Amino acid sequence: MTDPIQPETDAPEQEAELAESALVEEVSIDGMCGVY
Amino acid sequence: MPTTPTAAPAGGMLEEAWALDESVALRPEPFGALAYHFGTRKLSFLKTPELVDVVRLLATSTSVEHALRDAGVPESHWPAYVGALRGLATGGMIRPRGQRGQA
Amino acid sequence: MTILEERTAPPPSPGKLVDQFEKGLDAPICLTWELTYACNLACVHCLSSSGRRDPRELSTDECKALIDEFERMQIFYVNIGGGEPTVRPDFWELLDYAVDHHVGVKFSTNGFRITPERAEKLAATDYVDVQISLDGATADVNDHVRGAGTYDAAMRAMANLQAAGMKDFKMSVVCTRHNIGQLDEFKAIADRYGAQLRLTRLRPSGRGADVWEELHPLPEQQRELYDWLIANGDQVLTGDSFFHLSAYGEALPGLNLCGAGRVVCLVDPVGDVYACPFAIHDQFLAGNVRSVGGFDTVWKTSDLFLELRSPQTGGACTKCSAYDSCRGGCMAAKFFTGMPLDGPDPECVKGNAGAPGEVRPTASQNHSHTGTVRNAPVPLTLTRRPPDKACDENPLAGLTAGTGG
């Protein structure tokens, strides 16, 4: 049986990096400039 | 009215079977894909081609882990990918096909 | 992969979404489709200078062919406007055709034709959203810009939609000098009808150029608007149109990106494709859907769009600390005030904007009414102010220091 993967512990300064490297980003369909 | 999306389970997602919700359209792009849920009007960006492959493979994979392997995602990246799938699950973009095994 | 390779594979780092968008997409995420230049109104700030129908308008069949193309390209969502789209006799047919072909629609309307029967049908149709235009929380402020009776028509339309069970339709407001003091009241009106409030930016586009000096918000009003959005913004849509205000501090929600030619564009009533509905001018004309290859070819290969998708020089703005979220502001606002496109926005909140250019481009198209219009804009009488409530014993009720008379 596979052990659950443990998340790596990260130093606080790496949090911003993680946010930028997030694999999914959600955007509002109403949130682009140039539409009615 | 769209039904409330299923909250992602705390662990063990690797062994679960999931699939893209039928109301979701997946549109490939150079960087990955756009996923749009016609019911909730949520728009998500899948930012790597590998993640797009994983999402596409979910429906025919017995588990998330199988989809990750088939898509060639290195194991060291699995936490990031499972995190991404959890986010998609919370937004209702993917739905469980039925629990298989325990965490 | 060997175990060694797996262990040392660098973490995935796709980078910021905004950077991906700047390179462009294979299809717009959503787009604006102005269905007709005809309109029953003559709003003073109309971005498309609408009023009279253009005889070269796309036919019903051509519109359906365009919808087919949107479907093939997987454009999930189109914003239909005009002019007033409901004055086209085939509008309702085209609406149904779009949703039957996997193209979600939000249409923008002055509300005159949103009868109870129409509202019922809309409430029963999936993948259709409605946006009612309103530019004043009171009739005097609104009708000054949009015309006599337009406030009442908008209220009626919203009441009809609410009665029909339509939830979360949009109430869209163009922010002007005269209505920025009414933001709370706008929110209250939207709440009253179960609608979602949308605030958007006035641009000096179309007839907007003629009233820009009179109507664009004053600097202190921009600050007021920014503060209000920071306090209330999670319930309010902005169409990302205030990213130039992000320079005040915290970035507002949204992509904070000019989407023109990159993630959005305009298809106009005669099939011309422009970078943005606020940029109806030959300089921003990418092509026409009637040419060989249709819309898809224009989107993917037009010189204008390829140029917009190449790295843009931010010019002087790149040195500004706010550049990351402001990105030099609105291309159309700069263009129509005769300012350089690689310089600051005319409403730069850091005060870096120079004077508007002496030579200002005029819109390439003008479909404005030439004769009298039944619902003509009403002059704003600044000496009278209607009472806040029907019965108010205190003649000073509702007046606060500094409000207009």
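In what order do the 4 strands of the open sheet stand? I read the order as β1(A)-β4(B)-β3(B)-β2(B), with antiparallel pairing. I took strands as DSSP runs of E with at least two residues and helices as runs of H or I with at least four, numbered from the N terminus. Two strands pair if DSSP finds at least two bridges between them.

Notes on the source. I am working with a predicted model, in which local features need pLDDT of at least 70 and side-chain atom pairs count only at pLDDT 80 or more, while totals for chains, interfaces and linings use all residues. Residues are numbered from 1 along each chain as its sequence is written, and chains are lettered from A and ligands numbered from 1 in the order in which they are written.

For angles, axes are lines fitted to C-alpha atoms, for helices over the stretch in contact, and values run from 0 to 180 degrees between N-to-C directions.

I then checked where the chains join: 5 bridges link β1(A) to the antiparallel β4 (residues 42–46) of chain B. A:V24 stands opposite B:L46, and A:E25 stands opposite B:F45.

Helix α1 (residues 49–58) of chain B lies across β2, β3 (32–37) and β4 of that chain, at about 45° to β3(B).

Contacts. I count two residues as in contact if their C-beta atoms, placed from the backbone, lie within 7 Å. I found 13 residues of chain A in contact with 32 residues of chain C. On this side of chain A there are 7 nonpolar, 3 polar and 3 charged residues. Ala, Val, Leu, Ile, Met, Phe, Trp, Tyr, Cys and Pro count as nonpolar, Asp, Glu, Lys and Arg as charged, and the others, Gly among them, as polar.

Helix α3(C). Which residues of α3(C) are buried? I list C:C63, C:L66, C:I67 and C:F70, where buried requires 20 or more other C-beta atoms within 10 Å of the residue's own, all placed from the backbone. They cover an arc of only 105° around the axis, which puts them on the same side of α3(C); the arc is that of the directions from the helix axis to the C-beta atoms. These buried residues pack against β2 (77–82), α4 (91–100), β7 (266–267) and α11 (294–301) of chain C. Just after α3(C), I noted C:Q74 with a positive phi of about 60°.

Conventions
A residue is buried if 20 or more other C-beta atoms lie within 10 Å of its own, exposed if 12 or fewer, and partly exposed in between; C-beta atoms are placed from the backbone.
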